[in-house]
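Biologist: Could you walk me through this one while I have it open on my screen?
Modeller: Gladly, ask whatever comes up as you look.

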Amino acid sequence: MRRRLLALVCVTGCLVSACGMLPGEHERKTVTVWLMKDSASKDFLRRFTEDFERTHTDLRLDIRIQEWTGIVDKVRKALTDDSGHGPDVIEVGNTQVPLYADGGRLADLTLESMRDWGKDAWLPGLAEPGKDGNAQYGIPWYAANRVVVYRKDLFEAAGITRPPRTRAEWLTDTEKLNSGGIQGIYLAGQDWYTLSGFIWDEGGDLAEQRDYRWKGTLDSPAALRGMDFYRRLQALGAGPADADEEHPPQAGVFAGGKVAQIVAVPGLAQAIVRQNPGLNGKLGFFPVPGKSAARPGTVFTGGSDLVVPDNTGDQFAATAVVGALTGAKWDTELARTMNYVPNKTTLASAVTGEEGVAAMAAGAAHGRATPSTPQWADVEADNPIKEYMTRVLGGADPAAEARRASARVTERLTPDV
């Protein structure tokens, strides 16, 4: 999963745009679109541009690819630039939308969302962060989320004939797997994204807005139940209590051949097989199990939304691009091309042929995102949730540590209070 709070450097030039006009061709209005590096392939963008310009004969696309490094500062600058030379459509991380909506710098796309774009079927983990009150600013484009990546051969050797569908089954199966020098699961102690899903499944949250103020809620009974399940699952392996999933990178740990499961995006399987070709064909995927077999567990949903700056020179043209990119035709094509989850639950059937993506889509239907406030970036910058998890896994009192962490979250969410 990409880290969405890094910033961007513009890569010169556009991928697809004709600079002159053919004899007899009328002048087109240019729509400048900023998309992020590796979100879509060059071939996809070429095909999309040809189709869009053929069906919108008055518009021309200027798609400019941006780097993630420097994204926040560059987008903020573009949103306040009234020169008329800025982007008309911008791809942003789904959890970044509140950063840019703050201050009224994004176009309100609520009407288009309700009338034309079928917002009721959007993935909640993409749609909710794109809202401010009743106004929709971020339009869901694509999603990716964690699943369980597992060793099929180790499951078979342990007598497990199918992936678990409930938390209780997951614990039982993982306990069976955790023997003979094999870790039942490698789960780093500070994987707070995975913890978030367990908290949401219990009916809790990381923080809640009460009387227009945000308050950390890790100390709620529901959140404590989520942490307790995390503790029990994490104990069935040797994940470090004081590090996250990137330290060391869990793909390398899994590639070592002594781990039965990890929680990760399916694309990580490619890195695992590159490091250990002997695992080729032995990896499988299933959705993070829920409390009951009726539905998968709730997961943190990452991905991208498209936004339209309020200072665009032509909002009608900009929304035409957004509508085309996020519409069923090109959204499903993007999902197939890039192994993403489409932006709507009704489009999930487009990716059923790919096991890992299908597992993602099942979880994304119940996905969530971090609290929708611009200040959440301050929480992640020096994340008290990670320290809380380490302390609890080290034997400290969960309730006391949760109260301490919640207070620190509240301080970051309400800095002027």
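Biologist: Which residue of E12 does glycine 93 stand opposite?
Modeller: This is a predicted model, and in it glycine 93 stands opposite serine 304 of E12. The two strands concerned, E3 (residues 89-93) and E12 (residues 301-307), run antiparallel and are joined by four bridges.

Biologist: And E1 with E3, parallel or antiparallel?
Modeller: E1 and E3 run parallel, with two bridges joining them, and tryptophan 34 has isoleucine 90 in E3 as its bridge partner.

Biologist: What's the order of the strands in the sheet?
Modeller: The sheet is open and mixed in its pairing, and its six strands follow the order E2-E1-E3-E12-E6-E13. Strand E2 (59-66) and strand E13 (341-342) are the edge strands, each of them pairing on one side only. Helix H1 (residues 42-55) packs on the sheet, where it touches E2 and strand E1 (29-36), and the direction of H1 makes about 160° with that of E2.

Biologist: Back to E3, how many of its residues are buried?
Modeller: Five of the five are buried, so E3 is largely enclosed by the rest of the structure. Both of its faces are covered, with Val89, Glu91 and Gly93 buried on one side and Ile90 and Val92 buried on the other.

Biologist: Switching to H16, which residues are buried there?
Modeller: In helix H16 (residues 384-393), the buried residues are Pro384, Ile385, Tyr388, Met389, Val392 and Leu393. Viewed down the axis of H16, these buried residues fall within an arc of 165°, so they line one face of the helix.

Biologist: Which glycine takes a positive phi just after H16?
Modeller: That is glycine 395, with a phi of about 110°.

Notes. Residues numbered from 1 in each chain as written. Predicted model: local features only at pLDDT ≥ 70, side-chain atom pairs only at ≥ 80, totals over all residues. Heavy atoms only, no water. Pairing = 2+ DSSP bridges. Contact = heavy atoms within 4.5 Å. Axes fitted to C-alpha atoms, helices over the stretch in contact; angles between N-to-C directions. Buried < 20%, exposed > 50% of the residue type's maximum accessible area, 1.4 Å probe, protein only. Arc of directions from axis to C-beta.
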